[in-house]
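Subject: Structure handover

Hi,

Here is the structure for you to look over. My notes follow below it.

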Amino acid sequence: MRLPPPRRFARLRLSLLAGVALASLSTAALAQATDDFADVEVEELVVSGSRPAGSVIGDITPELTLSPQEIRAYGAASVSELLEALSPQIGSGQGSGRPVVLINGGRVSGFAEIRDLPTEAIVRVEILPEELALKYGYPATQKVVNMVLRPRFRATLVESTVRTPTQAGGGETLGAHGARLDILQGRRLTVDGKANWTGGIEESDRNITGGEGAFRSLQARSDDVSLNAAYARPLDNGVAVSVNSLFEASDSQARQGLSPFGPEAQLRNTERQTARLAASATGALAGWQWSTTGELERAGVDTDTDRASGGQAFQDTARTVTTSAQADLVLNRSFGELPAGQISTALTARASATELESEATRLGTFQANYLSRTLGELRGNFDIPLTRDGEGLGERLGRLSANFNVGMEQVSDFGTLETYGYGLNWRPTSDLRVLGSFSRSGQAPTMGQLGNPVTVTTGVRVFDLARGETAEVARITGGQADLAAATRDVFKLGVSYQPFDEINLRLQANYVASRTHDAVVAFPSASTQVEAAFPGRFTRNAAGTLVALDARPVNFALQARDEVRWGLTYSRPVGTVPTEAQRAEMRRRAEAAGLAGAPPGSGAPAVMPGGPLPMNLGGGRGRPGGGLGGFGGGPRSGVFQVGLYHTLAFRDEVQIAPGLPGLDLLDGAALGSGGGSSRHQVQLQTNYSRSGLGISMGAKWQSATRIDGGGGTEGDLKFSDFATVDLRLFADPGRQRWARAYPWLRGARATLSIDNLFDSRQQVRAGDGATPVTYQPDLLDPVGRTVRLTLRKLIF
């Protein structure tokens with residue numbers, strides 16, 4: 001049975017755009033009384049021996065803590081932008097994807113609930129190791145980021161953005177953004193709307209040899225809108241709830257090449273819509289701390305593609321609708337009395353149901369597919385203290401605790417998948433921590449990898465490594481129904497060390513070894529080894545030219561990687577530094593106000609009475625994670641930060657099938673068309689801000705790789721080392737002394753961002769030294785260097 005025809009949402013899109021524009025124009029009328037703390041960088045009161053408000057549960061301390069000044073120095077406007085800027089610090093070798101994000105030490109209904117929060121509303125950011133995720137019911141595959149919000153904040157946001165490549169010819173982006181945020185006494189209301197328009201880039205706009213000019217797109221024309229709303233509040237008996245709703249829609253059009261029936265391009269139109277409703281609740285009952293989340297989501301994708309075959313014109317269509325529901329419950333409690341303390345546990349129950357409905361018409365032939373999956377999961381995590389600081393064996397060893405976790409997942413179309421892990425957390429001194437862990441997890445293919453509709457894209461250029469030439473092929477993508485589940489083993493040994501009391505320097509190193517059996521991967525590059533293992537995926541004509549490639553995902557027998565990721569973070573204040581007498585006065589006022597020792601998780605960072613005085617009495621080793629010590633908000637104060645991380649890969653190999661030799665991705669093999677695996681990768685982030693002016697720079701570098709074609713040196717490819725630098729300059733006029741006469745400048749910010757500052761593109765050479773047509777620089781990156789100007793106003 002066919003799905004109902006897709007409903008065009010042009011009118012809805014126009015209505016949403018009009019609504020965003022109206023919200024932007026009317027914000028002046030919504031301005032309310034000035035919040036004393038809206039644009040002053042107030043740091044928390046951290047008294048020795050107590051935990052800051054909003055801290056996470058358990059005994060795992062942060063790897064890095066950021067103060068309001070340090071957060072401001074990144075120049076990021078929202079939580080999403082801040083996480084992107086923090087990518088060197090939150091990178092992980094234990095998995096991929098977004099980190100686990102907490103608010104005030106607790107779970108939220110999902111990332112959409114907090115992604116649009118302005119960074120001015122954040123008083124502290126903590127970055128913690130992957131193992132902490134187990135205490136919140138998540139697998140230990142990503143870092144944990146805890147964001148502590150101000151106790152009260154009220155602002156209306158208006159923002160406009162213009163972004164353009166410096167290379168002439170298309171690709172410009174225009175953006176409008178309006179939002180409202182209210183935080184008061186545990187209540188939080190966020191309403192956010194965005195609209196973006198992005199122009200297309202055709203081959204005629206760039207320096208492309210052998211292309212189809214204006215008839216083929218390098219970047220699709222697109223426009224998108226999103227509306228996001230969230231509301232959180234406390235209820236009676238210590239219960240707190242939150243609700244989040246999200247709607248996103250996008251429309252894009254790409255040119256697929258010259259039509260054989262006339263001087264016009266064949267087009268591919270894609271429309272996407274996503275609607276999401278989620279909620280969360282937390283509380284305590286009979287000695288248990290509990291947290292639950294629930295989510296409903298429906299996403300649809302409609303694609304129309306012009307094609308020609310046998311002298312006839314066709315329009316291939318594909319439609320996919322995914323509907324999902326999920327709920328979970330996490331229980332935390334401490335029990336038992338051991339000499340070193342109590343055992344803490346986290347018990348998790350999770351259930352979900354997903355339906356994937358797809359239909360496609362290819363060359364006039366209709367096909368439909370329906371997949372469904374239900375999932376039930378039980379997980380238990382137990383932390384056992386072995387020694388206590390300063391007592392018994394702990395006098396010599398310091399604090400030592402063990403962790404054990406076990407889980408079982410019942411997947412309707414795969415059966416039972418088991419997970420277990422264990423580890424040790426050792427703190428011999430307050431400035432040194434050692435973490436070791438092992439985990440084994442079963443991983444089922446996603447619904448999309450199994451059931452996405454099959455789509456054929458003609459005229460796709462690929463480099464045929466077997467023949468050492470570029471071929472234009474019909475590329476088949478979509479789901480593969482016979483994929484098997486994978487099993488992944490991960491071993492980690494991590495060290496974090498802060499060597500100096502008065503210098504805010506922290507060193508980190510993590511060794512990670514992973515082995516994945518029956519790994520589900522995207523189809524690799526067209527090498528002789530891959531073609532020998534999957535001959536049915538390659539179609540050649542009588543002359544041996546590659547004409548079609550089936551690029552749907554496959555299972556590899558084994559994937560193995562060993563790496564070390566090490567680095568440092570350094571931060572120091574600049575400008576006016578408070579005296580010891582000022583610090584003593586602040587301590588006295590804090591004790592008189594009874595602000596010391598705020599309970600963890602209360603979400604109420606301490607603020608000095610009588611005004612927005614900056615406070616941080618920690619500093620040095622007394623502040624977990626090495627956050628900035630000292631005062632943090634004088635009008636002439638600032639901060640300088642550096643984060644530098646290096647990843648060294650010792651091993652990165654795959655075995656395509658049992659009995660076949662392994663492929664060394666560090667030495668001539670590749671899974672994709674972008675080269676092998678770089679042995680070295682470096683990430684650098686440096687920030688400087690003072691008196692409302694700031695500069696932030698991020699740089700990435702990766703070492704050279706190569707692909708051995710296997711059919712002679714003419715089929716080899718060499719990929720140069722590659723570096724990019726992104727620069728962000730920002731100014732807050734309202735923080736300048738001269739702006740005191742212009743109160744309307746308060747909360748204003750202008751940001752100039754230059755991505756890929758040096759317009760870098762990776763150089764690729766074939767065995768004869770020439771650049772293959774497929775790897776022309778403007779094909780690899782048609783956008784290149786871009787300049788973005790953002791004007792932003794917070795109305796308090």
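First, a term: buried means under 20% relative accessible area, exposed means over 50%, and partly exposed lies in between (1.4 Å probe, protein chains only). This is a predicted model, so local features need pLDDT of at least 70, side-chain atom pairs count only at pLDDT 80 or more, and totals for chains, interfaces and linings use all residues. Residues are numbered from 1 along each chain as its sequence is written, and side-chain values use heavy atoms, with hydrogens and water left out.

Overall picture

The protein chain has 10 helices and 36 strands. Both are DSSP runs numbered from the N terminus: helices are H or I of at least four residues, strands are E of at least two. Of the 796 residues, 50% count as buried. The accessible surface comes to about 34,500 Å², and 57% of that belongs to carbon and sulfur atoms. Areas come from the Shrake-Rupley method with a 1.4 Å probe; for residues, only the protein chains shown count as cover.

Strand 6 (residues 173-184) pairs with strand 7 (residues 187-198) in the antiparallel sense, over 12 bridges. Two strands pair if DSSP finds at least two bridges between them. L181 stands opposite T190 in strand 7. The hairpin has 2 residues between the strands, and Q185 takes a positive phi near 50° there. Strand 7 also runs antiparallel to strand 10 (residues 221-234), joined by 11 bridges. Here L189 stands opposite Y231.

Salt bridges

The structure holds 43 salt bridges. The criterion is a side-chain nitrogen of Lys or Arg within 4 Å of a carboxyl oxygen of Asp or Glu. One of them joins D116 and K194, with the closest N and O atoms 2.4 Å apart. D116 lies in the loop between strand 2 (100-103) and strand 3 (122-128) and K194 in strand 7, so the pair ties together parts 78 residues apart in sequence. D116 is buried, at 10% relative accessible area. K194 counts as partly exposed, at 21%.

D489 bridges to R440, with the closest N and O atoms 2.7 Å apart. D489 sits in strand 22 (residues 486-497) and R440 in strand 19 (residues 432-443), 49 residues apart. D489 is buried at 12% relative accessibility, while R440 is partly exposed at 33%. Elsewhere, salt bridges with shared partners join R107, D328, R350, E377 and R379 into one network. Within it, the closest N and O atoms of R379 and E377 are 2.8 Å apart.

Aromatic pairs

There are 11 aromatic pairs. Rings of Phe, Tyr and Trp (its six-membered ring) pair if their centres lie within 6.5 Å; planes under 30 degrees apart count as stacked, over 60 as edge-to-face and the rest as tilted. F523 and F534 are edge-to-face, 5.8 Å centre to centre with 70° between the planes. F523 lies in the loop between strand 23 (505-521) and helix 8 (528-533) and F534 in the loop between helix 8 and strand 24 (538-540), so the pair ties together parts 11 residues apart in sequence. F534 and F556 are stacked, at 6.5 Å centre to centre and 25° between the planes. F556 is in strand 26 (residues 554-574), 22 residues from F534. F534 is buried at 18% relative accessibility, and F556 at 1%. Ring pairs link F523, F534, F538 and F556 into a cluster.

Best wishes
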